[in-house]
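Here are my notes on the model you asked me to look over.

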Amino acid sequence: MLAAGQRCTATSRVYVQRPVATEFRELLLAQVNRLVVGNPYDEATDIGPMSSPEQRDTVVEYLRLAHEEGADILVGAKADGEGCFLEPTVLTGVAPSSRLVREEIFGPVLVLTEVEDFDEALAAANDTVFGLSASLFTSNISKAMQFVRRINSGLVHVNRETASVEPHVPFGGVKASSSMNREQGKAARTFFTTTKTVYLRSPN
(Lines give C-alpha, C1' and ligand atoms only; values in the text may rest on other atoms or scores of the structure.)
Protein backbone atom coordinates (compact mmCIF):
# COMPACT_ATOMS: atom_id res chain seq x y z
CA MET A 1 0.00 0.00 0.00
CA LEU A 2 3.04 2.30 0.15
CA ALA A 3 2.85 5.07 -2.46
CA ALA A 4 -0.69 3.80 -3.15
CA GLY A 5 0.86 0.65 -4.58
CA GLN A 6 2.53 2.61 -7.37
CA ARG A 7 6.01 1.18 -6.93
CA CYS A 8 7.53 -1.45 -9.15
CA THR A 9 8.59 -3.34 -6.01
CA ALA A 10 5.21 -3.12 -4.27
CA THR A 11 3.79 -6.35 -2.84
CA SER A 12 0.70 -7.34 -4.83
CA ARG A 13 0.54 -11.10 -4.10
CA VAL A 14 0.77 -12.79 -0.72
CA TYR A 15 0.91 -16.56 -0.20
CA VAL A 16 0.27 -17.70 3.36
CA GLN A 17 0.28 -21.24 4.77
CA ARG A 18 -3.12 -22.49 5.95
CA PRO A 19 -2.23 -23.16 9.60
CA VAL A 20 -1.69 -19.43 10.14
CA ALA A 21 -3.96 -18.08 7.38
CA THR A 22 -6.89 -17.06 9.59
CA GLU A 23 -4.73 -15.24 12.10
CA PHE A 24 -2.71 -13.61 9.33
CA ARG A 25 -5.84 -12.42 7.53
CA GLU A 26 -7.23 -10.87 10.70
CA LEU A 27 -3.99 -9.04 11.44
CA LEU A 28 -3.68 -7.89 7.84
CA LEU A 29 -7.22 -6.53 7.67
CA ALA A 30 -6.81 -4.77 11.00
CA GLN A 31 -3.81 -2.92 9.57
CA VAL A 32 -5.43 -2.14 6.22
CA ASN A 33 -8.61 -0.84 7.86
CA ARG A 34 -6.52 1.66 9.80
CA LEU A 35 -5.07 3.20 6.64
CA VAL A 36 -6.21 6.74 5.90
CA VAL A 37 -6.74 7.79 2.27
CA GLY A 38 -6.39 11.50 1.62
CA ASN A 39 -4.21 14.52 1.02
CA PRO A 40 -0.56 13.39 0.94
CA TYR A 41 0.47 16.68 2.56
CA ASP A 42 -1.55 15.76 5.64
CA GLU A 43 0.60 13.86 8.15
CA ALA A 44 -2.40 11.68 9.05
CA THR A 45 -2.62 10.33 5.49
CA ASP A 46 -1.29 6.87 4.69
CA ILE A 47 -2.42 6.54 1.07
CA GLY A 48 -2.41 9.40 -1.40
CA PRO A 49 -3.82 9.60 -4.92
CA MET A 50 -3.06 7.68 -8.07
CA SER A 51 -0.42 9.39 -10.19
CA SER A 52 -2.98 10.37 -12.84
CA PRO A 53 -6.66 9.95 -13.76
CA GLU A 54 -5.54 7.42 -16.38
CA GLN A 55 -3.80 5.29 -13.76
CA ARG A 56 -6.86 5.46 -11.52
CA ASP A 57 -8.96 4.23 -14.44
CA THR A 58 -6.51 1.37 -15.00
CA VAL A 59 -6.78 0.23 -11.39
CA VAL A 60 -10.58 0.63 -11.46
CA GLU A 61 -10.70 -1.81 -14.39
CA TYR A 62 -8.89 -4.37 -12.24
CA LEU A 63 -11.40 -3.77 -9.44
CA ARG A 64 -14.25 -4.36 -11.86
CA LEU A 65 -12.53 -7.55 -12.97
CA ALA A 66 -12.42 -8.69 -9.35
CA HIS A 67 -16.20 -8.26 -9.14
CA GLU A 68 -16.78 -9.98 -12.49
CA GLU A 69 -14.63 -12.99 -11.55
CA GLY A 70 -16.33 -13.37 -8.19
CA ALA A 71 -13.26 -12.73 -6.06
CA ASP A 72 -13.83 -12.58 -2.32
CA ILE A 73 -13.47 -8.92 -1.43
CA LEU A 74 -12.19 -8.63 2.14
CA VAL A 75 -11.95 -4.86 2.03
CA GLY A 76 -12.14 -2.12 -0.60
CA ALA A 77 -12.60 -2.79 -4.33
CA LYS A 78 -14.82 0.26 -4.66
CA ALA A 79 -14.62 2.02 -8.00
CA ASP A 80 -16.58 5.11 -6.99
CA GLY A 81 -15.35 8.29 -5.35
CA GLU A 82 -13.87 11.48 -6.72
CA GLY A 83 -10.50 12.47 -8.06
CA CYS A 84 -7.62 10.02 -8.19
CA PHE A 85 -8.17 8.40 -4.81
CA LEU A 86 -8.87 4.69 -4.27
CA GLU A 87 -9.46 2.68 -1.12
CA PRO A 88 -6.93 -0.02 -0.26
CA THR A 89 -8.20 -3.40 -1.44
CA VAL A 90 -7.56 -6.95 -0.27
CA LEU A 91 -8.86 -9.84 -2.37
CA THR A 92 -8.88 -13.59 -1.94
CA GLY A 93 -10.37 -16.47 -3.88
CA VAL A 94 -8.58 -15.34 -7.04
CA ALA A 95 -7.73 -17.96 -9.68
CA PRO A 96 -4.02 -18.41 -10.52
CA SER A 97 -4.85 -17.62 -14.15
CA SER A 98 -6.53 -14.30 -13.33
CA ARG A 99 -5.06 -11.05 -14.60
CA LEU A 100 -5.27 -9.89 -10.98
CA VAL A 101 -2.23 -12.06 -10.20
CA ARG A 102 -0.69 -12.30 -13.67
CA GLU A 103 -0.28 -8.56 -14.31
CA GLU A 104 1.16 -5.57 -12.47
CA ILE A 105 -1.71 -3.45 -11.15
CA PHE A 106 0.26 -0.50 -9.75
CA GLY A 107 -2.45 0.37 -7.26
CA PRO A 108 -3.36 -0.33 -3.60
CA VAL A 109 -4.56 -3.85 -4.37
CA LEU A 110 -3.36 -7.02 -2.64
CA VAL A 111 -4.31 -10.59 -3.55
CA LEU A 112 -4.13 -13.04 -0.64
CA THR A 113 -3.89 -16.77 -1.38
CA GLU A 114 -3.74 -19.71 1.03
CA VAL A 115 -1.27 -22.51 0.28
CA GLU A 116 -0.45 -25.83 1.90
CA ASP A 117 3.28 -25.44 2.34
CA PHE A 118 6.51 -23.71 1.42
CA ASP A 119 6.94 -25.52 -1.91
CA GLU A 120 3.46 -24.58 -3.10
CA ALA A 121 4.06 -20.97 -2.13
CA LEU A 122 7.41 -20.90 -3.93
CA ALA A 123 5.95 -22.45 -7.08
CA ALA A 124 3.13 -19.90 -7.09
CA ALA A 125 5.53 -17.01 -6.50
CA ASN A 126 7.69 -18.14 -9.44
CA ASP A 127 4.69 -18.68 -11.72
CA THR A 128 4.87 -15.26 -13.34
CA VAL A 129 6.67 -13.53 -16.19
CA PHE A 130 7.89 -10.93 -13.71
CA GLY A 131 10.75 -11.21 -11.24
CA LEU A 132 11.76 -7.95 -9.61
CA SER A 133 11.29 -8.30 -5.85
CA ALA A 134 10.14 -11.08 -3.52
CA SER A 135 9.99 -11.60 0.21
CA LEU A 136 9.65 -14.46 2.68
CA PHE A 137 8.63 -14.15 6.33
CA THR A 138 9.85 -17.08 8.41
CA SER A 139 11.71 -18.04 11.57
CA ASN A 140 13.23 -21.04 9.77
CA ILE A 141 16.71 -20.14 8.51
CA SER A 142 16.85 -23.27 6.33
CA LYS A 143 13.65 -22.24 4.52
CA ALA A 144 15.00 -18.71 4.18
CA MET A 145 18.15 -19.94 2.44
CA GLN A 146 16.11 -22.24 0.18
CA PHE A 147 13.99 -19.25 -0.76
CA VAL A 148 17.04 -17.14 -1.56
CA ARG A 149 18.36 -19.87 -3.88
CA ARG A 150 15.10 -20.89 -5.56
CA ILE A 151 13.07 -17.70 -5.99
CA ASN A 152 13.30 -16.21 -9.49
CA SER A 153 13.71 -12.60 -8.47
CA GLY A 154 16.40 -9.97 -8.77
CA LEU A 155 15.76 -8.66 -5.25
CA VAL A 156 15.15 -11.00 -2.32
CA HIS A 157 14.05 -9.98 1.16
CA VAL A 158 13.71 -12.11 4.27
CA ASN A 159 11.42 -10.86 7.03
CA ARG A 160 10.98 -7.43 5.42
CA GLU A 161 8.70 -5.96 2.78
CA THR A 162 9.46 -6.15 -0.93
CA ALA A 163 9.52 -2.39 -1.51
CA SER A 164 12.60 -1.65 0.59
CA VAL A 165 15.68 -1.02 -1.55
CA GLU A 166 18.97 0.73 -0.82
CA PRO A 167 20.83 3.03 -3.25
CA HIS A 168 24.23 1.46 -2.58
CA VAL A 169 23.33 -2.04 -3.79
CA PRO A 170 22.51 -3.26 -7.32
CA PHE A 171 18.86 -2.94 -8.33
CA GLY A 172 17.12 -4.95 -11.04
CA GLY A 173 15.03 -8.00 -11.81
CA VAL A 174 14.84 -11.11 -13.96
CA LYS A 175 12.50 -12.31 -16.71
CA ALA A 176 10.17 -9.51 -17.90
CA SER A 177 11.34 -7.32 -15.01
CA SER A 178 14.85 -7.08 -16.41
CA SER A 179 16.68 -4.77 -18.77
CA MET A 180 19.63 -7.21 -18.51
CA ASN A 181 21.46 -4.59 -16.45
CA ARG A 182 21.60 -3.45 -12.83
CA GLU A 183 21.19 0.07 -11.54
CA GLN A 184 22.60 1.68 -8.38
CA GLY A 185 25.73 0.90 -6.41
CA LYS A 186 28.87 -0.10 -8.27
CA ALA A 187 26.70 -1.76 -10.92
CA ALA A 188 25.55 1.69 -12.03
CA ARG A 189 28.93 2.27 -13.64
CA THR A 190 28.32 -0.67 -15.95
CA PHE A 191 24.72 0.42 -16.56
CA PHE A 192 25.91 3.80 -17.84
CA THR A 193 28.97 2.49 -19.69
CA THR A 194 29.26 1.54 -23.35
CA THR A 195 32.11 -0.89 -23.95
CA LYS A 196 34.31 -0.39 -27.01
CA THR A 197 36.79 -3.05 -28.12
CA VAL A 198 39.84 -1.72 -29.95
CA TYR A 199 42.47 -3.78 -31.82
CA LEU A 200 45.65 -1.84 -32.47
CA ARG A 201 48.69 -3.13 -34.35
CA SER A 202 51.90 -1.14 -34.30
CA PRO A 203 53.01 -0.02 -37.79
CA ASN A 204 56.59 -1.17 -37.01
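Predicted model: local features only at pLDDT ≥ 70, side-chain atom pairs only at ≥ 80, totals over all residues.

1. Now look at Arg 18, which forms a salt bridge with Glu 116; here the closest N and O atoms are 2.6 Å apart. Arg 18 belongs to helix α1 (residues 18-34), while Glu 116 sits in the loop between β4 (109-115) and α4, so the pair ties together parts 98 residues apart in sequence. Both ends are partly exposed: Arg 18 has a relative accessible area of 39%, and Glu 116 has one of 48%.

2. Those two pairs should be read together. Arg 18, Arg 25, Glu 114 and Glu 116 are linked in a network of salt bridges.

3. The side chains of Arg 64 and Glu 61 meet at 2.6 Å, N to O. How far apart are Arg 64 and Glu 61 in helix α2? They are 3 residues apart in α2 (residues 53-68), which means a separation of about one helical turn. In general, an α-helix has 3.6 residues a turn, so residues three or four places apart point the same way. Arg 64 is partly exposed, with a relative accessible area of 42%, and Glu 61 is partly exposed too, at 44% relative accessibility.

4. Next, helix α5. Which residues of α5 are buried? In this helix (residues 141-150) they are Ala 144, Gln 146 and Phe 147. Looking down the axis of α5, these buried residues fall within an arc of 160°, so they line one face of the helix. The cover over them includes α4 (118-126), β5 (133-136) and β6 (155-158). On the other side of α5, Ile 141 and Arg 149 are exposed.

5. Have a look at the start of α5 as well. A side-chain oxygen of Asn 140 reaches to within 2.9 Å of the backbone nitrogen of Ser 142 there.

6. The largest share, 3 residues, comes from α5. On the strand side, Val 156 is in β6 and counts as partly exposed, at 32% relative accessibility.

7. Thr 128 deserves a point of its own. Thr 128 is found in the loop between α4 and β5. Is Thr 128 buried or exposed? Thr 128 is buried, with a relative accessible area of 11%, because the cut-off for buried is under 20%. A polar atom of the Thr 128 side chain lies 3.1 Å from the backbone nitrogen of Phe 130. If you leave aside neighbours within four places in sequence, Thr 128 is in contact with Arg 13, Arg 102 and Lys 175.

8. Finally, the whole chain. The protein chain has 6 helices and 6 strands, and from the N terminus on they run β-α-α-β-β-α-β-α-β-α-β-α. Along its principal axes, the C-alpha trace spans about 80 × 45 × 35 Å. Of the 204 residues, 35% count as buried. The chain exposes about 12700 Å², and carbon and sulfur atoms supply 52% of that area. As for contacts between residues at least 6 apart in sequence, 56% of them join residues at least 24 apart.

Terms used:
Residues numbered from 1 in each chain as written. Heavy atoms only, no water. Buried < 20%, exposed > 50% of the residue type's maximum accessible area, 1.4 Å probe, protein only. Helix = DSSP H or I, 4+ residues; strand = E, 2+ residues; numbered from the N terminus. Arc of directions from axis to C-beta. Contact = heavy atoms within 4.5 Å. Polar contact = N/O pair within 3.5 Å; in protein donor to acceptor, adjacent residues only side chain to side chain. Salt bridge = Lys/Arg side-chain N within 4 Å of Asp/Glu carboxyl O. Areas by Shrake-Rupley, 256 points an atom, 1.4 Å probe, with all protein chains shown as cover.
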